[in-house]
Amino acid sequence: MASTAHDQDTGDQVTLVCSGSDPDEKPDDIVDEIIISTAEIGSWDLPSVLTHKIIIIEASSHRLIEESSYFRGLLGGSFSESRLSSISIRWNVESFVNVLMVVFGFDVEISSDNFVPLNEAALFFGVDSLLCKCRVWLEEVTSFRGIQSPQLCLDGLVHIWKYGLEHVEYVAANDFILQLCTSYLAMNFMWALSFNSYIDVPDKLLYSCIQHPDLTVDSEKHLCEAILVFLNANTAKSEGLNSSDLCDKIRTSLLPLWYTLGKRRCGFFSKFADKATSTILSLARYPSTNSTDVFRGCDLSQLRIRLTKYTQKVDVSSCPQITSGLFLLSALPSCETDSMLRKIINKASMNIGESSFQISDAVCQNLSFEAVQELDISNCPSLSLESAIDCFCKLFPSLRTLRAAYYLNFKTRKLRQLVQKLPLLANIDLSLDIKPVIPAQVSIAVSSSVLIPESSTAPLSYRSKPLVSNIIRLTLEGRTDLSDSDLRIISEVCCSLSYVNIKGCTSVTDHGISEMILKCKRLKSILACDTSFGNGSVVAFSSSISTETEQSENNPQLMAFKLLTLHVGGCHGITGKILSELMSRADNLKSLCVRDLKLVDDALYRFSGVSLEMLDVSNTEVSFAALSRIIRRNPDLKSLKTRGCIHLLRQESETKERKLFNPLYTPEEIYSELGKSCKLEEIELGWGFSFFSLEALKPAMRTLRTLLVGLGGSLGPDGLKLLPAICPLLETLILFFQVISDSAITDIINTLPHLQSLALCYCLGGISPLSFKFRMPNLRNLKLERVTPWMTNGELATLAENCANLVTLSLIGCILLDSEAQAIISSGWPGLTFLHLEECGKITANGVRSLLDCHALEDLVLRHTGPGIPRNFITHASSKLPMLRKISLDICDAREADFDVPTFVDRCFLSTLKIARCNLRKNTLDFHHVEAHRTPVHKETLIMVWNSKKLVTTVVKERV
């Protein structure tokens with residue numbers, strides 16, 4: 001708009017005519033304008049003002065000159081404009097009005113949406129006060145971490161960074177924008193990964209972020225995965241940044257072994273993965289020298305775990321190369337500048353070794369990371385947990401969650417010292433694999449045990465003063481070394497315990513469990529499946545929290561009334577009457593597991609709760625009437641497991657409680673009720689489930705993520721074809737004894753993008769190689785048991801090509817495979833952690849070679865795969881595979897008719913060994929070729945289980 005060209009009066013006022021900044025905008029016939037004055041700025045109705053295209057503002061020139069360098073030069077200098085009474089301003093109307101607000105002493109609200117136009121306007125008009133406000137705002141919002149900063153999302157951050165980059169070359173004042181945005185993204189990198197727009201982050205910003213000293217990630221795996229996802233999405237539109245530039249910044253020596261091996265097939269990362277695998281295996285196989293050798297390497301930066309003052313979670317799980325020495329190295333401020341500190345730790349490690357790594361307070365006084373609250377060191381076989389505690393208590397004094405699964409040698413009695421060393425701990429996970437010998441599930445022929453010699457490691461010191469513990473959640477699943485005396489220690493140390501998991505702890509007794517329950521008055525959740533949990537423990541929950549309170553069924557002081565989780569599946573010491581009494585008082589239960597128990601009907605009838613979210617009645621004699629009552633009363637049910645319930649359709653009422661419920665619905669109507677009222681995430685079904693039931697369940701299955709259909713259930717081909725439409729979010733699909741077809745499986749593979757686990761076991765109808773001709777990059781777990789007898793080496797190779805990211809694989813009944821299949825498996829799926837091959841032709845007829853190139857294997861099953869496995873295979877495999885915990889073999893496959901059992905030292909990380917034995921049964925229908933048709937029939941299984949105290953050897957009749 002043209003300026004009015006007459007001389008300005010001697011007064012203090014100047015007229016500012018502000019219109020839009022678009023030079024191509026054509027003027028309307030009707031001028032849309034408004035006249036306002038800064039004298040009334042406090043009463044401006046901004047929403048109304050900003051609706052006009054032209055804003056005429058009467059403003060004080062003195063104030064403008066004082067606050068704006070632009071107007072200072074324009075109105076106070078020798079320019080011709082200084083004599084004009086009106087000045088035309090071509091700028092974004094809203095931004096200019098906000099500039100005037102600040103000039104005349106009023107606040108403006110800054111957000112990620114208007115930061116760029118405000119900062120740009122402040123720079124152009126030279127309003128230092130607004131520039132300062134913009135800077136302060138950006139500093140404030142970038143001082144928060146992750147979701148704590150609701151004012152800034154990733155898109156907003158990238159927009160601001162791009163603005164700073166575009167202007168930084170000629171506006172030095174914008175340099176702080178680049179610094180703050182890069183720093184914020186580095187500190188909150190895990191937060192950024194949660195946005196779908198992460199892949200749209202500019203190359204330069206990502207590269208600067210990864211190089212930033214404050215880059216904070218939970219694990220090196222998260223960083224690696226983030227970089228690979230970014231590169232895959234931006235290969236075609238790269239701005240000149242080579243993929244190697246980003247991959248070079250990954251500390252590949254700190255990646256989990258299974259993950260590194262799995263990435264050897266990734267095009268632009270394969271050379272990095274190969275090098276990392278070699279380094280990891282070298283460190284894992286010689287852990288006793290790590291604590292000294294890591295300090296002598298030429299590139300220590302590759303071995304430094306990323307720890308910053310902002311780190312809240314550290315995850316190094318499944319890394320066999322991790323030792324206490326690596327944690328100490330990572331804590332050093334600088335290996336180059338602080339050589340003295342490096343020498344001190346190096347000398348300490350050489351003197352006492354990894355097994356008892358001690359760190360003086362003087363050395364570690366400046367090496368703590370106060371922000372770290374969660375540490376996951378699960379499945380790290382080279383790390384001694386007992387000795388590492390001394391390291392963690394100094395490095396992570398604020399630690400609240402410790403996940404340390406699969407540490408076989410950690411003795412439960414050390415819990416007292418652990419809690420004392422880390423007093424803020426609230427959540428501890430010390431779980432192990434559930435052992436195969438559950439007395440109620442197998443027939444034991446012979447059993448013996450041998451005590452394991454005590455190690456020479458120095459015990460953790462602790463004071464005898466009373467210990468105050470913050471532990472509220474304790475997981476000891478699978479620890480067969482756990483005894484009643486250990487439970488007493490837990491009761492004394494963990495007074496605030498509200499959650500305990502002792503599933504599979506077969507050495508504890510009902511008396512020991514009941515004592516713990518009585519002492520831990522705040523206990524609300526107990527997972528005790530497959531233990532001796534019995535009537536005594538049930539009665540303990542019926543006790544009163546306050547002994548002075550009268551006990552009654554509806555007494556809120558009863559522990560049963562406060563119970564949230566009760567998992568007692570397989571606990572056959574509980575009688576129906578006692579369980580019913582407990583259920584009548586457990587009104588607040590949210591999760592209930594009574595699988596494998598008898599007489600659960602009455603217990604379900606007595607249960608009056610309405611908050612149940614998970615129910616497992618698998619392999620019980622529950623009736624459909626009792627189950628339907630629970631379903632109707634609990635609309636929040638998310639997980640339902642009824643597999644193996646052969647009496648599910650029985651609706652007769654046999655007891656007084658049952659007579660109170662008159663079954664008015666058919667099964668389909670009850671499923672319809674479930675469909676209308678619940679939003680299921682997991683369901684396991686069997687007897688009584690049909691295609692019509694699936695139709696009725698449709699509304700409830702839109703959110704379903706796990707579906708298992710077992711014996712007695714019948715989806716049918718039509719039901720399978722409907723699954724993608726009914727369950728679009730399905731991640732796990734397990735089918736037993738179902739009728740399947742190529743078209744149904746093809747539909748599932750092509751239309752379930754989230755599917756990660758697929759199991760087809762003993763199914764009918766048959767499928768062909770056509771079912772697996774499609775790529776399934778998201779599939780992680782695959783079981784094909786007795787459904788692919790036609791599979792040859794070539795078809796196995798095709799499967800490996802299309803399902804390239806598997807970590808668990810089970811093949812049973814693939815009788816056409818031979819020894820070349822080993823190389824196909826090891827090259828196609830190098831990152832496997834679980835491999836089960838049974839009745840698979842002659843895979844091991846010439847020995848076991850290539851399979852041992854799957855270095856990350858944790859569980860290996862080879863049964864009836866060819867009689868070529870050498871006698872020393874168990875010891876050899878344990879030494880070659882640093883993560884191996886479980887091996888299952890069959891004498892039929894032994895080259896010399898037997899296997900050598902490893903000693904305690906030779907077993908390495910091995911905790912469970914199973915060796916099955918067969919008898920040869922003659923085929924009585926073939927009278928001419930008796931010897932040629934002798935069929936192996938299972939006789940018994942030898943099971944050896946190591947724990948922290950002893951080796952237990954058991955012979956059972958079942959094949960386990």
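Reader: What covers the buried residues of H22?
Author: First, the terms. Buried means under 20% relative accessible area, exposed over 50%, and partly exposed in between, with a 1.4 Å probe and protein chains only. Contact means heavy atoms within 4.5 Å. Helices (H or I, at least four residues) and strands (E, at least two) are DSSP runs, numbered from the N terminus. Now the case. The cover of the buried residues of H22 includes helices H21 (484-493) and H23 (535-541), plus strands E11 (499-501) and E12 (525-527).

Reader: What sort of model is this, and how are residues numbered?
Author: It is a predicted model: local features need pLDDT of at least 70, side-chain atom pairs count only at pLDDT 80 or more, and totals for chains, interfaces and linings use all residues. Residues are numbered from 1 along each chain as its sequence is written, and side-chain values use heavy atoms, leaving out hydrogens and water.

Reader: Which residues of helix H22 are buried?
Author: An α-helix has 3.6 residues a turn, so residues three or four places apart point the same way. In H22 (residues 510-519), the buried ones are Gly512, Ile513, Ser514, Met516 and Ile517.

Reader: How many helices and strands does the protein chain have?
Author: There are 34 helices and 28 strands. Of the 960 residues in the protein chain, 54% are buried. Take contacts between residues at least 6 apart in sequence: 72% of them join residues at least 24 apart.

Reader: Is Phe189 buried or exposed?
Author: Phe189 counts as buried, at 0% relative accessibility. Its place is in helix H9 (residues 189-192). Leaving aside residues up to four places away in sequence, Phe189 touches Tyr198, Leu206, Cys209, Leu215, Thr216, Val217, Leu223 and Ala226. By contrast, His62 in helix H2 (residues 61-67) is exposed, with a relative accessible area of 52%.

Reader: How many aromatic pairs does the structure hold?
Author: A pair of aromatic rings is described by the distance of the centres and the angle of the planes. Rings of Phe, Tyr and Trp (its six-membered ring) pair if their centres lie within 6.5 Å; planes under 30 degrees apart count as stacked, over 60 as edge-to-face, the rest as tilted. The structure holds 20 such pairs. In one of them, the rings of Phe96 and Phe125 have centres 5.2 Å apart and planes at 55°, so the pair is tilted. Phe96 is in helix H4 (residues 93-103) and Phe125 in helix H5 (residues 115-125), so the pair ties together parts 29 residues apart in sequence. Both Phe96 and Phe125 are buried.

Reader: What angle lies between the planes of Phe327 and Phe396?
Author: The angle is 80°, with 6.2 Å centre to centre, and the pair is edge-to-face. This pair links distant parts of the chain, 69 residues apart: Phe327 is in helix H16 (residues 324-331), and Phe396 is in the loop between helix H19 (385-395) and strand E7 (401-403).

Reader: Where does the charged end of Arg885 sit?
Author: A charge sits over a ring if NZ of Lys or CZ of Arg is within 6 Å of the ring centre and within 35 degrees of the ring normal. The charged end of Arg885 is over the ring of Tyr406, 3.8 Å from its centre. Arg473 lies over the face of Tyr499, at 3.7 Å from the ring centre.
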